[in-house]
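Colleague: I have the sequence and the model open side by side. Please take me through the packing, then the chains themselves.

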Amino acid sequence: MDDIYKSFSGVHALSGASFSLKPGEVHALLGENGAGKSTLMKILGGDVQRDSGSVLINGVDPGALTPRKAQDIGIALTHQEISLCSDLSVAQNIFLGREPKKYGLLDNRKAVALATEILEGMNLDIDPNSLVRDLKLSRQQMVEIAKALSKDAKCIILDEPTSALATKEIDELFKMIQTLKGQGRGIAYISHRLEELSYIADRVTILRDGKHIETRNYSEFTLNEIISLMVGREITEKYPHVDAPLGDTVLEAINLNAGRLVRNISFKARAGEIVGIAGLVGAGRTELTRAIFGADKKQTGEIKVNGAIASVKSPVDAKQKGIVLVPEDRKRDGLCTKLSIRQNASLPNLDLLGKLGIVVKAREKKLANDTKDALMIKASSIEDDASSLSGGNQQKLVVGKWLARDSKAMIFDEPTRGIDVGAKVEIYNIMNRLKLQGIGIIFVSSEMQEILGMSDRIIVMCDGRITGELSRQEATQEKILDLATQFESKAI
Amino acid sequence: MGKFLSRLLRSKSSGQVAIMAGFLVAMVVAFQMLNPKFLGERNIPILLRQISPFIIAGIGQSYVLLTGNIDLSIGSVIGMSCMASATLMSVKGIDPLLASILAIALSLIVGLANGLLVSSCKLPPFIATLGTMTIARGIAQLVNNGKNTGPITKPLSATDAAQIEAFAQKAQKFASFFYYGKFGPLYYSLFIAIGIWAVFDFILSNTATGRHIYAVGSNAEAARMSGVNVEATVIKAYVISSFCAGIIGLIQCAQSGQGSMNAGTSYELYAVAASVIGGISTLGGQGILIGTVIGASIWAALANGLSLAKVPLALQNIIVGIIVIISVLSDVVIRRRHD
């Protein structure tokens, strides 16, 4: 793959990315969040079409790649999420869509025999008749790979295969990778866990901002070199950081535990402060914000608002206590897209718009118009559907609907994802305005520069734990990435 | 009225509603040409009385559909309310007013159960209300030991003629209020339906509860993240649906003057048809109640007009089915263009 370009609605995901894979090697593809690793591999797997650049397979241009065609020429892409039918057996999954047949009927015996052959070739002890549902996560992943092998894949792409695995399972996966390598197959390996690389990687390619930065043998790198190449991006954009007088602690989390990705989290946010939460994708940042807001269940731990313990069991509680959340996925969690701008703007505030549950229409319209004007939401009327707004304006509406309330702490989860530069600056300005009003702000972002540019203090998470805290002065990209990759479990 | 019209014209569902209103007018004209008795002095009040229970059932179902769910128990709750009120009157000699209140209360319990099963226990609404549908029908059969009741005007508990006479008068009043009585040229049932529409249309368009119903149907997760109590909202919709069904049960009890175990059969589907013809989206979040009123009118007027025109019953069924499909199709096409 050479000089690949790809942009999604104006945003460049790849601009000059290159990658090559030889038979019998494990080639690790590294880069920060959003560096374009997954996009590049999806182009190879046919899931995404490139804008320009060349792809050669065994020296031949395969033409336009579709998932089907990529499979036919021996490329297998396993996704971060497992996509198997959990109520079918292992053998049934491996041959899904290409079931062996006899006289036009399913030949189950042959399917099981073929599946056994493949699994034995992988040195795996899995019964092809067992249901996928009954297998451990790592085993399910292996079945995905077995599925790829059944199509005789020469090139196997593993996108963060270890992110959900326990140490023992990782061990099993690595053994299998060695087996596949020995069979002369090439393996492209995406991972954030740099310490894993020493066990499997032969070569390493680093991407940054969609560009190819460096390709070398793994042995020629030091870990620090890899990190600095990953982040070595210059901060060019200006962020409108403002200083506000620090007030008392408005929100405090004490020993919060919620699921696998929120483990023993304690931190404080003060009035007039932006607390950045940095970390890699899957570090548990979104889970933390949802647990604080009551959207997900907390196992243990407490939330304090203005120093008093607040029982937050649901978003209804959170809203009453003055905690609000601008969620990461605005289409799924933020907006009722079938409803109008007016109806979305007033939805959390209906209790403020009249008595006895009756909504006074005039007040509702005023609220919606005020929101639209204050945030400069571009729409011809407040009666337009929320779905008709552009991404940036939708995001402003999701933020704006909370501004009528007297909040103590506001949590922004990736508020600038997928919106244009102008809208980003407007979101930063809103955050600054709220900060000056004495609201405590928690700011989750995967963009290093943004989090460095806007935060007064940065908390770094890895694997559901807080691995460090940096002040605005001491924070650098290298320090954040170092803290963000401090995984507990070292693979063997 | 001007406000109402402007809201109607602004609403996204108005396209479908306008088309269906036009269709209703065209249908009425056609039936009138086929049989001049259709808009005769005698048929109009009867026609409007026939429409009333469809409007009421449709409004209840519309509430549930707007939250993105469905209520299959409506028909059985009608039967249960009909049998419960009739049994209380004809066997126990309980005052019709009290009997009505008890029958409605029983109906509300089913609505509450539906709401809890769907929102708190997270059962698929189709299955949950299929279950309560069967249970409610079972209760309808159980209350009078597996038999239809005798006439509500002659309670079995009454011992002497004076007592019977006094109760019969009360029961007559009940029958008159819900079915036989007229205000001017029109039957009371129509006014009951209009009253229910007015109240529930107000709730839907002017209260927080109404807005929550649209929000939950549009995107339940976003509603929850905005601090809406999604469970309570779904429960309210189901309780309102059962309330409407309970009222229809009383109307049917008044109509036949006795309790019938099969009362209300298939009403849940008529109610879906009325809602969908009137532009309520089965996916939730979209539609207005005036559409349901028009949909119910089309449904009932078809039945009335086709039988006046002496169309065989089998053909009537086929025509009605085709109209349901066409109306949903037009709705889908309109929305696709809107998006």
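**Helix packing and chains**

Colleague: Is the crossing in which H4(B) passes H6(B) left-handed or right-handed?

Modeller: H4(B) passes H6(B) in a left-handed crossing, a term used when the near helix is turned anticlockwise from the far one by less than a right angle, with right-handed used if clockwise. Helices here are DSSP runs of H or I with at least four residues, strands are runs of E with at least two, and both are numbered from the N terminus. Bear in mind that this is a predicted model, in which local features need pLDDT of at least 70 and side-chain atom pairs count only at pLDDT 80 or more, while totals for chains, interfaces and linings use all residues. Residues are numbered from 1 along each chain as its sequence is written, and chains are lettered from A and ligands numbered from 1 in the order in which they are written.

Colleague: At what angle do the axes of those two cross?

Modeller: For helix H4 (residues 74-90) of chain B and helix H6 (residues 125-142) of chain B, the axes cross at roughly 20 degrees and come within 8 Å. That angle makes H4(B) roughly parallel to H6(B). The axes are lines fitted to C-alpha atoms, for helices over the stretch in contact, with angles from 0 to 180 degrees between N-to-C directions; under 35 degrees counts as roughly parallel, over 145 as roughly antiparallel, 65 to 115 as roughly perpendicular and the rest as oblique.

Colleague: Which residues in H4(B) and H6(B) meet?

Modeller: From H4(B) they are B:Ser76, B:Val77, B:Gly79, B:Met80 and B:Met83, which meet B:Met133, B:Ala136, B:Arg137, B:Ile139 and B:Ala140 in H6(B); two residues are in contact if their C-beta atoms, placed from the backbone, lie within 7 Å. By class, the residues of this contact divide into seven nonpolar, two polar and one charged, where Ala, Val, Leu, Ile, Met, Phe, Trp, Tyr, Cys and Pro count as nonpolar, Asp, Glu, Lys and Arg as charged, and the others, Gly among them, as polar.

Colleague: And how do the axes of H4(B) and H5 cross?

Modeller: The axes of H4(B) and helix H5 (residues 96-120) of chain B cross at roughly 150 degrees and come within 9 Å. This makes H4(B) roughly antiparallel to H5(B), and their crossing is right-handed. The contact of H4(B) with H5(B) has 12 nonpolar, four polar and no charged residues.

Colleague: What about H3 and H8 of chain B?

Modeller: Helix H3 (residues 43-66) of chain B and helix H8 (residues 188-206) of chain B have axes that come within 8 Å and cross at roughly 25 degrees. That makes H3(B) roughly parallel to H8(B), and H3(B) passes H8(B) in a left-handed crossing. Among the residues in this contact are B:Ile55 and B:Ile59 of H3(B), together with B:Trp197 and B:Phe200 of H8(B).

Colleague: Switching topic, how many residues of chain B are in contact with chain A?

Modeller: There are 21 residues of chain B in contact with 24 residues of chain A. Helix H9 (residues 208-225) of chain B gives the largest share of the chain B side, 12 residues, and that side has seven nonpolar, 10 polar and four charged residues.

Colleague: How many helices and strands are in each chain?

Modeller: Chain B comes to 13 helices and two strands. Its radius of gyration is 20 Å, close to the 20 Å that the globule rule gives for 339 residues, so chain B is as compact as a globular protein of that length; the radius is taken over C-alpha atoms, and the rule is 2.2 Å times the number of residues to the power 0.38. Chain A has 17 helices and 21 strands. For chain A the radius is 25 Å, close to the 23 Å that the rule gives for 492 residues, so chain A too is as compact as a globular protein of that length.

Colleague: What share of each chain is buried?

Modeller: Of the 339 residues in chain B, 52% are buried, and of the 492 in chain A, 48% are. Buried means 20 or more other C-beta atoms within 10 Å of the residue's own, exposed means 12 or fewer, and partly exposed lies in between, with C-beta atoms placed from the backbone.

Colleague: In chain A, how many residues of H9 are buried?

Modeller: Helix H9 (residues 285-293) of chain A has nine of its nine residues buried, including A:Arg285, A:Glu287 and A:Arg290. After H9(A) comes A:Gly294, whose phi is positive, near 85 degrees.
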